[in-house]
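This report describes one protein, from single residues to the whole chain. Please keep the sequence and the 3D view open while reading.

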Amino acid sequence: QMMEELRRQLLLRLAAGVPDAARRFDPSTGRFLEAGGGWAVTNQDVIYPLALRYGTSGTEHYHSAGILELALRGGDALRNCQDEQGRFEFVKADGSRWGRTYMCWSMYHWAEAYGLLRDLAGWERRRRWEEGLRLCYGGVAGELEDSARVHNISAWHGMGLVRAGQLLDEPRWQQVGRRVMHRTAAAQEPDGYWAEGGGPTTLYNLIYVHALG
């Protein structure tokens, strides 16, 4: 009963963000823009909760064509801004540019949205999404295969590799991801936190716990 109430509350909180996402959606690009027109790659992370709302029975967004369109076009925007290696330019909403990277947050949300919507995306869109996800997660698997570093970003990548590997039937990604997660668990301090910058950080520790969960 407690878990059902938690699930209900989470779905309500996700629903509260739907009107904002719809307001920020730019139909010409599929991007979710800031009020002043700025954009960050992570603005597209909303496609996962949109896909979840679309596919969850008992919600007002269940099988809503409008919600589906937002999620699918948002995923297209991610694919459209990848380079030939599957990386994303790390652009912040203020216009600052931080180079090209495998953006762990957006990649994971895109993979989960793919898992929920792949049978609804149409052949060509599904092909493009799969191509983009294989590029970025294949690149990450190569980077982390022999890495021993424990960091909040590598932890999130490890989680993403396991999940994307399940969705796209890539056993190697899952193996690399599991090794990353085992190292992450082993690096936890006796007092229950992961140290970054010389001590515990509450935000990053939430990231570690989420990834391990």
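Asp 169 lies in the loop between helix H7 (152-167) and helix H8 (171-186). Helices (H or I, at least four residues) and strands (E, at least two) are DSSP runs, numbered from the N terminus. Asp 169 counts as exposed because its relative accessibility is 62%. Buried means under 20% relative accessible area, exposed over 50%, and partly exposed in between (1.4 Å probe, protein chains only). The phi angle of Asp 169 is near 55°, a positive value in a residue other than glycine. Most residues other than glycine have a negative phi. His 63 also has a phi near 55°, and His 63 sits in the loop between H3 and H4.

The model is predicted: local features need pLDDT of at least 70, side-chain atom pairs count only at pLDDT 80 or more, and totals for chains, interfaces and linings use all residues. Residues are numbered from 1 along each chain as its sequence is written, and side-chain values use heavy atoms, with hydrogens and water left out.

**Arginines and their partners**

Arg 53 is part of helix H3. Its relative accessibility is 2%, so Arg 53 counts as buried. Contact means heavy atoms within 4.5 Å. Not counting residues up to four places away in sequence, Arg 53 touches several residues, including Leu 11, Leu 14, Val 18 and Tyr 62. His 61 is also one of the residues that Arg 53 touches, and the side chains of these two are joined by a polar contact.

A polar contact is a pair of N or O atoms within 3.5 Å; within protein, one must be able to donate a hydrogen and the other to accept it, and residues adjacent in sequence count only if both atoms are side-chain atoms. The table gives three of these contacts.

| From | To | Distance |
|---|---|---|
| Arg 53 side chain | His 61 side chain | 3.1 Å |
| Asp 76 side chain | Arg 125 side chain | 2.7 Å |
| Arg 118 side chain | Leu 167 backbone oxygen | 2.9 Å |

Asp 76 is found in helix H4 (residues 65-80). Asp 76 counts as buried because its relative accessibility is 12%. Leaving aside neighbours within four places in sequence, Asp 76 is in contact with Arg 125 and Trp 129.

Arg 118 belongs to the loop between helix H5 (104-117) and helix H6 (123-144). With 23% relative accessibility, Arg 118 counts as partly exposed. Apart from residues up to four places away in sequence, Arg 118 touches Arg 126 and Leu 167.

Gly 37 is placed in the loop between strand E2 (31-32) and helix H3 (47-55). Gly 37 counts as partly exposed, at 43% relative accessibility. Gly 37 and Arg 24 are 13 residues apart in sequence, and their C-alpha atoms are 8.8 Å apart in space.

**The whole protein**

How many helices and strands does the protein have? There are nine helices and six strands. The C-alpha atoms fill a box of roughly 45 × 45 × 35 Å, taken along the principal axes. Of the 213 residues, 45% are buried. Among contacts between residues at least 6 apart in sequence, 61% join residues at least 24 apart.
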